[in-house]
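Thanks for coming. I will go through the contact between the chains, and then some aromatic rings.

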There are 2 protein chains.
Amino acid sequence: MLNGRTPSVKDVAAAAGVSLGTVSNVMNRPEVVSARTRERVERAMSELGFVRNESARQLRAGTSRTLAYVMLDGTNPFFHDVAQGIELAAEDADLSLFICNSNSRATREEVHLDRLLQQRVQGILITPVDPAAPHLDELTRRGVPMVIVDRVRNADSCCSVSVDDVLGGRIGVEHLAELGHERVAFVGGPDSLGQVRERLQGAREVWESLGHDPDNLIYLPTEALTVAEGRSAGERLAGLPARRRPTAAFCANDLLALGLLQQSIGAGLRVPDDLAIVGFDDIEFAAAAAVPLTSVRQPRQELGRAAAQLVLDEATNPNHNHQQLQFQPELVARASTVRRARSL
Amino acid sequence: MLNGRTPSVKDVAAAAGVSLGTVSNVMNRPEVVSARTRERVERAMSELGFVRNESARQLRAGTSRTLAYVMLDGTNPFFHDVAQGIELAAEDADLSLFICNSNSRATREEVHLDRLLQQRVQGILITPVDPAAPHLDELTRRGVPMVIVDRVRNADSCCSVSVDDVLGGRIGVEHLAELGHERVAFVGGPDSLGQVRERLQGAREVWESLGHDPDNLIYLPTEALTVAEGRSAGERLAGLPARRRPTAAFCANDLLALGLLQQSIGAGLRVPDDLAIVGFDDIEFAAAAAVPLTSVRQPRQELGRAAAQLVLDEATNPNHNHQQLQFQPELVARASTVRRARSL
DNA sequence: TTGTAAGCGTTATCAC
DNA sequence: GTGATAACGCTTACAA
């Protein structure tokens, strides 16, 4: 195998007794080369174990075959589902995918973006720590196709894909109201997160529109959207005087809901009898909880898939227009709110 | 900004009024260039928004700055924790990381490996669908540094990082035996998975060594290591005649345990009073379950980190020797086996 | 249909 | 300390 060196087109050409350009043609425009030569070249390739050098290809062609997704929080399965959707779309387009994780840290996000810029990726999908961060503008200024995933950014500066969080908030609380709950907690935070604010807004809107007293929608703020914060919210909830204690909780995401569920059951509450719980996202583990969790479902994979398609359009279509895609969330009712769980 | 084109070293050189080689020196051996010129060059770089083209660098340098991890199952958080460990190590070494997901499909694994070969990644970490697959030999034959993660391969053909699964099996069942359980179920499968076999083996060894009747260690095979299969095992378990019904179950991973927990609680069993449950892996969601799950902990991030270090050694150290690293699992006791849960 | 040659952006080797 | 120059492996005009 050529004394260690990995074979190049030149080696293939020599082995097949053709010129280097012909080998390239076999790879890139096979229709232009005669069946016989093509066959010879292909045999030489497999005999030598030729593998095209993507860096060289990219350098010359000026275009990379790689997409990237910078996810916000690797400990939340939600983002992996989004990533999975992106990967499927990338696969369809015969593209590779870099997956990075900013872990909610702006500095790590910047490091990743910088690296991706160096790699000259074709497009970047990102769930940013802060949608208003200036280093995102930097990308657009550089002309790198970018799509914001599960967040929105000041309109038409770039594409984004998200779900209607206000609607999601409405759906969740409406469900609880329909079940007859008169005092409901909204668990979520920090309210620097636009999504939390919007879900809360939707929750309040529908609560009041149904004629309930605003004071009976109790806001339990959390410091993050994590299981631990869900537990802590549960403790605060248990500490409320009985007269003010909600009979149901709507959580801004499933991790919170899972934590709340755990704390509540540990404290001897029955779910949903003593406390009904609704989550948000509908991650796999929501359905797998001891008491399967009712949740406002986001089309996670679809989000990713759509984002990938948008970024590809921006990368390849000269007439591309930025668009703000918005999906509709939907309720998935399970045992954490309704006594007779539907079968899984 | 140079009429659209992204600036190259040449442009920077022109702007700074130096030669192209000097610019390169500023980036790669700054000590060799005078403070004044360096400053001039650096200003030119930032004014032009220069970003080094990694493809060109890689082509010329002959070495890429990228690692890759091909994970087995994106729906299992275990692998994401491993990936996280790898990413941290990669970050330390200033390397990028490709994360791919074979989804337990050999064909997808091959597609990914092929792409990674084209990218000339510096090393590949992989949890293979089948550790004996010939396309893995192919990689070693090509001289691509490779480390098997959480599996083992026929000894010294390559490095691997794993945990002692036999010991893990022993630990889990020993814990249950110590708690006084006399009939224990082992839930896991398919037994084509070496890990399942080894965990079962460890379980049997310790069970018998403690003087228990082998018949009282009941093997409940599953078709996969998933939540759904855990539920199904729970149903089978409930169907056993009371005299033969185990009072505890040891599951080959946490997803199974979570499924079993859900099914059991849904059926009105109390955990751990009626059924104690032990999982394996200690994923985050084990601790977050309604009844926090006792689990045999694998050092997930450490696994990834160590694997990355091995692959880097293979890539850079000419005296590299393949090694089979094995970590020790440890028990994390929680409420699913012991009545008074320790605080989290 | 095939071959030749220029050039992508970088790094490294050599003179100066 | 700095500046030409060749080379990395590939694609793509263009010439034969």
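The contact draws on 48 residues of chain A and 48 residues of chain B. Keep in mind that this is a predicted model. Interface size is often quoted as the accessible area lost when the parts come together. Here chain A and chain B bury about 4600 Å² between them, with 50% of it on carbon and sulfur atoms. On the chain A side, A:Arg115, A:Arg120 and A:Phe285 lose the most area to chain B, together 14% of what that side buries.

Now the polar part. Between chain A and chain B there are eight salt bridges. One of them joins the side chains of A:Arg108 and B:Glu91, at 3.9 Å, N to O. The count of residue pairs in polar contact between chain A and chain B is 27.

Which elements of chain A supply the side that touches chain B? Several give at least two residues each, among them α5 (77–92), β2 (96–101) and α11 (254–266). The largest share, seven residues, is from α6(A). By class, that side of chain A has 23 nonpolar, 15 polar and 10 charged residues.

On to the rings. Over all chains there are 10 aromatic pairs. B:Phe78 and B:Phe79 have ring centres 5.1 Å apart and planes at 80°, so this pair is edge-to-face. B:Phe78 is buried, at a relative accessible area of 2%, and B:Phe79 is buried too, at 5%. For B:Phe250 and B:Phe280 the centres are 6.3 Å apart and the planes at 45°, so that pair is tilted. The pair links strand β8 to strand β9 of chain B, with the two residues 30 residues apart. Both B:Phe250 and B:Phe280 are buried. In chain A, one aromatic cluster is formed by A:Phe186, A:Tyr219, A:Phe250 and A:Phe280.

Methods:
Residues numbered from 1 in each chain as written. Chains lettered and ligands numbered in written order. Predicted model: local features only at pLDDT ≥ 70, side-chain atom pairs only at ≥ 80, totals over all residues. Heavy atoms only, no water. Contact = heavy atoms within 4.5 Å. Buried area = accessible area lost by both parts, 1.4 Å probe. Salt bridge = Lys/Arg side-chain N within 4 Å of Asp/Glu carboxyl O. Polar contact = N/O pair within 3.5 Å; in protein donor to acceptor, adjacent residues only side chain to side chain. Helix = DSSP H or I, 4+ residues; strand = E, 2+ residues; numbered from the N terminus. Nonpolar A, V, L, I, M, F, W, Y, C, P; charged D, E, K, R; others polar. Phe/Tyr/Trp six-rings, centres within 6.5 Å; stacked < 30°, edge-to-face > 60°. Buried < 20%, exposed > 50% of the residue type's maximum accessible area, 1.4 Å probe, protein only.
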